[in-house]
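Colleague: I'm new to this one. Can you walk me through it?

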Amino acid sequence: MALFTVDRRLAPCVGAALAGFAATWVWEDPLNVVVAASAGALAAALVFLRSPQETALQSVDTLEETEDDEALETAPALAPGQGRAMLERLPMGVILIDRGSSILFANDKAAETFGIQTLVDQPSTALRSPRLIEAIDLGVSEELASSVQFTLPRAQDVHLRAHIRPLESAADSERGKREAAALVVIEDVSQAILTMALHRDFVANASHELKTPLSSITGIIQTLLGHARDDPEASERFLNLMSAQTDRMMRLVEDLLSLNRIELNERNAPREPQPVLRIVFEMADALREIAEQDRVTLEVFEASTHPFVLGNREELAQVFRNLIDNAIKYGGPGNPVTIALAPDTPERPEMIGISITDRGPGIPREHIPRLTERFYRVSVSRSREKGGTGLGLAIVKHVLNRHRGDLEIVSTLDEGSTFTVWLPIAEQSRRTADDGANADPDADANAA
Ligand code: ADP
């Protein structure tokens, strides 16, 4: 099978083009260094294929293949061997185009990207994107290097960037033989585009959230300076309104800063052992007064052991504060909120589950997967009326990610919602529990 019909003498050209591409790419974004290193290694391999040792590099299979008369006729440029294997496995699409704008070579990733079994020997129009095809044509006919971005429509659109680099004709190329005229390297930029869109939305949302209380403060100041100036009763009312709006802005800024801090540290799992249930009880106690204002009773379980998790105390406290606070806020006045240990499950071995259940109106199913997105609310007006920022559950999710934990949400309309926090139990606690002893070192001291 003549998969490669490119002349081997082109190997240094392709190698040089890949090396140049890798250098530009890293310059554009240092994060690209890993893939660029692969491209660099590939470039070296391609150049190496030209060296006198090239025959030694080929596998026995390859030698057998080249002994075949027909294979010799169409002697591949990128000889089977390490160079070709690397090119085929590169995690980015690589395509070689000949002088007649047909595809000479496409690696696995390129074929997968365009959803075609084999792109080889097809015209470049098989690549489907008019922008890409036009750029390839210019690369071949005008020797024009370019980069183009295009989208392949799918259930979830795939955004791609292609770099087209013309290849010089080899000085000793044979007449009438197919020759590579352009190298096309394709990278998937869908994730980067999605991140940019999320960032844009986030800035727009945060600005909007800050602008609303600011506008209302501006209005109040004008009223105080105008007709309410000599009315002490109205002045007091407006000053109270102003205070509520500044509190709201303060909460928002604090939540934004927390989120930012947690995200910066998200990859570093904290290593301090923390008595997680004690933290839960402390948070329940701290919120009891607020609960009572809404006639909400907090029903808290009693712990017989105190397992430890590796964590950051302040962040874990924030998780339980946010969840208990939400249960009080949305559970409805007069309805109890229950804090309990979740039963062990084989799906989450060696984890502790702490659940917070309210008897509120519940959350419609379609909203549940999005609740931990920043600023996502089932009802914006209800959240604002309750003093919410729309960031509480996003903070919970990021803290749990950092702690290698998880949040499970189960809700039934007209019955209520249960938010369960799952955290890995620290190894030391597990060992102590296996010995049948209390995992909390304080427990001995308390008993003594
Ligand atoms: P907020 O500051 O608005 O409470 P959160 O991020 O804490 O923001 O929660 C996001 C949204 O999830 C809330 O606006 C609310 O619509 C919904 N939600 C959270 N907890 C509950 C709950 N216990 N019961 C019903 N809805 C809830």
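Modeller: Let's begin with a pairing: strands β1 and β2 (residues 103–106) run antiparallel and share three bridges. Pairing here takes at least two DSSP bridges between two strands, and strands are DSSP E runs of at least two residues, helices H or I runs of at least four, numbered from the N terminus. It's a predicted model, so local features need pLDDT of at least 70 and side-chain atom pairs pLDDT 80 or more, while totals for chains, interfaces and linings use all residues. Residues are numbered from 1 along each chain as its sequence is written, and side-chain values use heavy atoms, without hydrogens or water.

Colleague: What stands opposite I95 in β2?

Modeller: That's A106. The two strands make a hairpin with four residues between them, and S101 in the turn has a positive phi of about 60 degrees.

Colleague: Which other strand pairs with β1?

Modeller: β5 (residues 180–188), also antiparallel, over six bridges. There, A180 is the bridge partner of D98.

Colleague: And is β1 buried or exposed?

Modeller: Six of its six residues (93–98) are buried, so β1 is largely enclosed by the rest of the structure. Buried means under 20% relative accessible area, exposed over 50%, partly exposed in between, with a 1.4 Å probe and protein chains only. G93, I95 and I97 point one way, and V94, L96 and D98 the other.

Colleague: New topic. Which residues touch the most other members in the largest nonpolar core?

Modeller: F320, L323 and I324, out of 48 residues. A nonpolar core is a set of buried Ala, Val, Leu, Ile, Met, Phe, Trp, Tyr and Cys residues joined through side-chain atoms within 4.5 Å. Elements supplying at least two residues each include α10 (232–265), α12 (313–331) and β12 (416–424). Another core, of 24 residues, lies apart from it, with F114 and L127 among them.

Colleague: What is F320 in contact with?

Modeller: Beyond its neighbours within four places in sequence, its contacts (heavy atoms within 4.5 Å) include V276, M283, I354 and V421.

Colleague: How about pockets? What volume has the largest?

Modeller: About 1,200 Å³. On a 1 Å grid over the protein atoms alone, a pocket is an open set of points with protein on both sides within 12 Å along at least five of seven lines, and lining residues have an atom within 4 Å of a point. The volume is the space filled by probe spheres set on the points.

Colleague: Which element gives the most to its lining?

Modeller: α12, with twelve residues. Of the 48 lining residues, those closest to the centre are N322, D325, N326, K329 and Y330.

Conventions. On a 1 Å grid over the protein atoms alone, a cavity is a set of points where a 1.4 Å probe fits but cannot get out, and a pocket is an open set with protein on both sides within 12 Å along at least five of seven lines; lining residues have an atom within 4 Å of a point.
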